Amino acid sequence: MSQIVTANRLADGVVLFMDEAGGWSEDFAKAAIYSDAPAIAAALARGAEAVAASLLVDPYGIEVELRNGHYTPKALREAIRASGPTVRRDLGKQAEGLAPIPALQAPTEASHVSL
Amino acid sequence: MYRYDEFDAAFVWARVDQFREQVGRRLAGELTEDQFRPHRLMNGLYLQLHAYMLRIAVPYGTLNSRQLRKLAEIARKYDRGYGHFTTRQNLQFNWPALKDTPDILAELASVEMHAIQTSGNCIRNVTADHFAGVAADELADPRPYAEILRQWSSLHPEFSFLPRKFKIAVNGAPKDRAVIQAHDIGLQIVRNEAGEIGFTVYVGGGLGRTPLIGHKVREFLPVHDLLAYCEAILRVYNLEGRRDNKFKARVKILLHERGTPAVRELIEAEFAARGDAGLGLPPAEVARIQAYFAPPKLTSRPAVSDRLERRRGKDEKFSRFLESNVVAHKVPGYAIVTISLKPIGGVPGDASADQMDAVADLAEDYSQDELRVSHEQNLILPYVALDELSAVYDRLASVGLATPNAGLISDIIACPGLDYCALATARSIPIAQRLSERFGDGARARAIGPLKIKISGCINACGHHHVGHIGILGLERNGEETYQITLGGSGDETASIGGIIGPGFSTETVVEAVETVVATYMARRDRPDETFLDVYRRLGPAPFKEALYERNKGADI
């Protein structure tokens, strides 16, 4: 099990990740990876403190996995949330170099095989 | 169009001040998220996947140029340079900051706009036919009644905490362009034997988790009783609706569980008990509101434009645009132009700030300063002189807005889906894009004829997939996106809920599956003008099912 903790910044809604120092980063690459339940619980407790301090909204843990040597969110929803809309590559973290690697691909008509 | 009176203006500005104070308290830590959420939702502010999302009301889809320019300005100043027109005739910004929203609402208030009741368990923005007031087939303009309902329902103390959200739509022509039978209350303007205008009232339509077509509860409701009767419906719903289960809390479930006769009886009893207790609509008041929507004085013009016909004969692209995006106006010499926000391969309903400005300029120059948003996520210029269609077309083409596909297979409704929405289970926009690229806006799309594809990224059905001729519902199964296809849905006056044709399709195969459905239709139609819906209703699902599943059985797919 590998997890990271994510939340949205209260003031502007930007997606944040908890870093190694227990702070919050906009950059997915800075996210601390937790590999056991007590570590996740401790991270979420820090998240709750940040909520109480009106810095964050809704911190929660997400599963990540290694792909080509890089951690990336396991669920598509979280991969999109950590990257930006797959239909607008010019927007979101993917446009700012803050997204997981490898980048999500938007499916195109040409990239699909027929039945 | 309607202009705010002093009361409206004071009320909207008061809400801006109130929300500014609420946001200030939230940012200062005086309100928790749980305390603040109902306040932000009552002002149309959601927290989505990437950021906040602000949903702005466009009452019954009517806007003027000044308002659209303001939306463009907000898109540039506070958002990412674009907006998304929705299936409820609203506009959504996908990236506003919470701290900026009071300023955004103030900007909106300066042009008589707001985001009130675009979310929450209240009566939502009232929608109407996007051709209201100009359609050749119209009995009466539905917008004055929608405006009366808006005024009545805004911050209505009794109906601000309903069991669930409540949507009302009004349509004024025999052709239902407002999907009224998929609304909590659908009002169809009709004329009785005495020649008086009134409403056929449908209750309990809705899509989402449990799609149901509205039930007719009144054949003819006099205009005088519009508010009293709607109030009776809301009171019955407010008292009897299922507050114990969010998924069963819409009024459609009440009708489904109790039966239409029983609920009708309750409504009529409530209506009778209230009598004429102050909610009867005085004709003078109706006339006062109608005056705001009085048709502009249009210059008299010949019914046929030589200039238009000359270009039609020699410019195929222009001719195609006229065929699909231009419809008859009630005034000879004029036309209604649909500006498709479905460029081939584009994001349905998205418009850049520059495009909004360009459309605002066009409305000002050629359409009496007025435009509309359709539930099909397009924009409408309602008053274009036939002589000026050529110039309008050229200007639309110059900003990439002349896609000749209104009503065709690539004019696809799609919700934002998993690319933006926190509730979504799958992406819908990429499917729309691929289908649009596959079928295009050329000869093939025209040969297929009128065909509505509607795509939702979760069971909440913001993409209206249940009433799509071909509906696509994106779901998540074992971590993968999967797409369920429904066929035979319709959102017009012959409303029906599409039937699930069989097991879902993967991201890779769903476009080919739609191709198979379309090919089956083309092969089985009796004549070129027999539409997809006609064929489906004639033949039922069997040939489509067979084509989709039987023929490929055992094949290496």
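The model is predicted: local features need pLDDT of at least 70, side-chain atom pairs count only at pLDDT 80 or more, and totals for chains, interfaces and linings use all residues. Residues are numbered from 1 along each chain as written, chains are lettered from A and ligands numbered from 1 in written order, and side-chain values use heavy atoms, without hydrogens or water.

Chain B holds 18 helices and 21 strands (DSSP runs numbered from the N terminus: helices are H or I, at least four residues; strands are E, at least two). Its radius of gyration is 23 Å, close to the 24 Å that the globule rule gives for 557 residues, so chain B is as compact as a globular protein of that length. That radius is taken over C-alpha atoms, and the rule is 2.2 Å times the number of residues to the power 0.38. The C-alpha trace spans about 60 × 60 × 60 Å along its principal axes.

Of the 557 residues in chain B, 64% are buried (under 20% relative accessible area, 1.4 Å probe, protein chains only). Contacts (heavy atoms within 4.5 Å) reach along the sequence. Among those in chain B with a separation of 6 or more, 67% join residues 24 or more positions apart.

Now take helix α5 of chain B, residues 143-153. Ten of its eleven residues are buried, so the helix is largely enclosed by the rest of the structure. The buried set includes B:Tyr145, B:Ile148, B:Leu149 and B:Trp152. Charged residues B:Arg143, B:Glu147 and B:Arg150 are buried too. After α5(B) comes B:Leu155, with a positive phi near 55°.

Definitions and conventions. Buried < 20%, exposed > 50% of the residue type's maximum accessible area, 1.4 Å probe, protein only.
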